[in-house]
Amino acid sequence: MSTLVVGSRASHLARAQVKEFLAPLRQRFPDVTFRHQVILEGGDQDRKTALSQVSARAGGSAFSTNQEAALVAGEVDVIVHSLKDLPTANPRGLILLPPPGREDVRDALCGSTLAGLPQGGRIGTGAARRIAQLRHARPDLVPVPIRGNVPPRLNKLKTMNLDAVVLAAAGLKRLGLDDAISEILPVEQFPPSPGQGALGIQIREDNELAREILAGTGDPVVDAEVRAERAMLADLHGGCSVPIGAYGKADGAMLTLHAQVTSVDGTKQVQARLSGPLNEPEKLGMQVAGLLLDQGAEGILAQIRPGV
């Protein structure tokens, strides 16, 4: 009997994502043993230091470096990431498979609607993009840094006397916490992190067993959408610590990419939207990045990039 070791972060959400991913595989391959292995990341162990600093200390990403190292070392065969946490460059010897579908891409407000927040309302989020977008929409809001698993972040509404917290709708839905959502933020005004709602399935190039078992699990349309988003992010030299939002949406043989860069104080925002062939997602991503750069995106990003 063959065994496939599947790694992920330790959070409730990471465990739910692994369960979601493996459910159809366990039915298709009853003779294969799928074993889940938890891997702690720097961002999970240190929830006080800024993510950009945690990532720099890890030499990669606060939420994927240790998992990728375990994959390279052969300690696991597959990693199930939240794609939005995964850097756009793959370490040598690793490949990213097409994601198996995609949950809701949008952000959700919990505790209050945006219009219902009081003047100077305290809103919990540690994400630069979310802070920037919310400040652009409501300059009076006061962001309060919070990190950690989804349920504890929800609980901070009470423990930190917050008026609202903002979380990914996908994570809330995967954990069965839909009833905590007060408002889904419109994707046109609040485009999500590139890859949000999708799983990042990573394997070693030379792992034939993993390739064979996982062949056909990906959704090619979702793959094109997230590849466009991530190509745009890569061309802007962005990451999970910069305020870049993007959403690709396919319509038949065409793909439309909407992207946005916002200064952390919310005072500056540039946007771009372009359509192109579904089978050329990277080209579309780079074209949209070019449109953003033409509008001054580099100046916004240079002010908040780690080490700048």
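Me: What makes the largest nonpolar core a core, and which residues touch the most other members?

Reply: In this predicted model, a nonpolar core is a set of buried residues such as Leu, Val, Ile and Met joined through side-chain atoms within 4.5 Å. The largest one has 23 residues, and Met232, Leu236, Ile244, Leu257, Val261, Val288 and Leu292 touch the most other members. At least two core residues come from each of α9 (220-235), β11 (244-251), β12 (254-262), β13 (269-277), α10 (281-294) and α11 (297-302).

Me: Which residues does Leu292 touch, beyond those up to four places away in sequence?

Reply: Among them are Met232, Leu236, Val261 and Ala297. There is also a second, separate core of 18 residues, which includes Phe21, Val32, Phe34 and Ile203.

Me: Why is His258 called buried?

Reply: Buried means under 20% relative accessible area. His258 has 6% relative accessibility, so His258 counts as buried. This residue is found in strand β12.

Me: How do you know that the side chains of His258 and Gln271 make a polar contact?

Reply: A polar contact needs a pair of N or O atoms within 3.5 Å, one able to donate a hydrogen and the other to accept it. The contact between these two side chains is at 2.8 Å, so it falls within that cut-off.

Me: What makes up the lining of the second largest pocket?

Reply: Eight nonpolar, three polar and four charged residues line it. The largest share, six residues, comes from α9. Closest to the centre of this pocket are Leu96, Val226, Arg227, Arg230 and Glu282.

Definitions and conventions: Residues numbered from 1 in each chain as written. Predicted model: local features only at pLDDT ≥ 70, side-chain atom pairs only at ≥ 80, totals over all residues. Heavy atoms only, no water. Buried < 20%, exposed > 50% of the residue type's maximum accessible area, 1.4 Å probe, protein only. Helix = DSSP H or I, 4+ residues; strand = E, 2+ residues; numbered from the N terminus. Contact = heavy atoms within 4.5 Å. 1 Å grid on protein atoms, 1.4 Å probe; cavity = no way out; pocket = protein on both sides within 12 Å on 5 of 7 lines; lining within 4 Å. Nonpolar A, V, L, I, M, F, W, Y, C, P; charged D, E, K, R; others polar.
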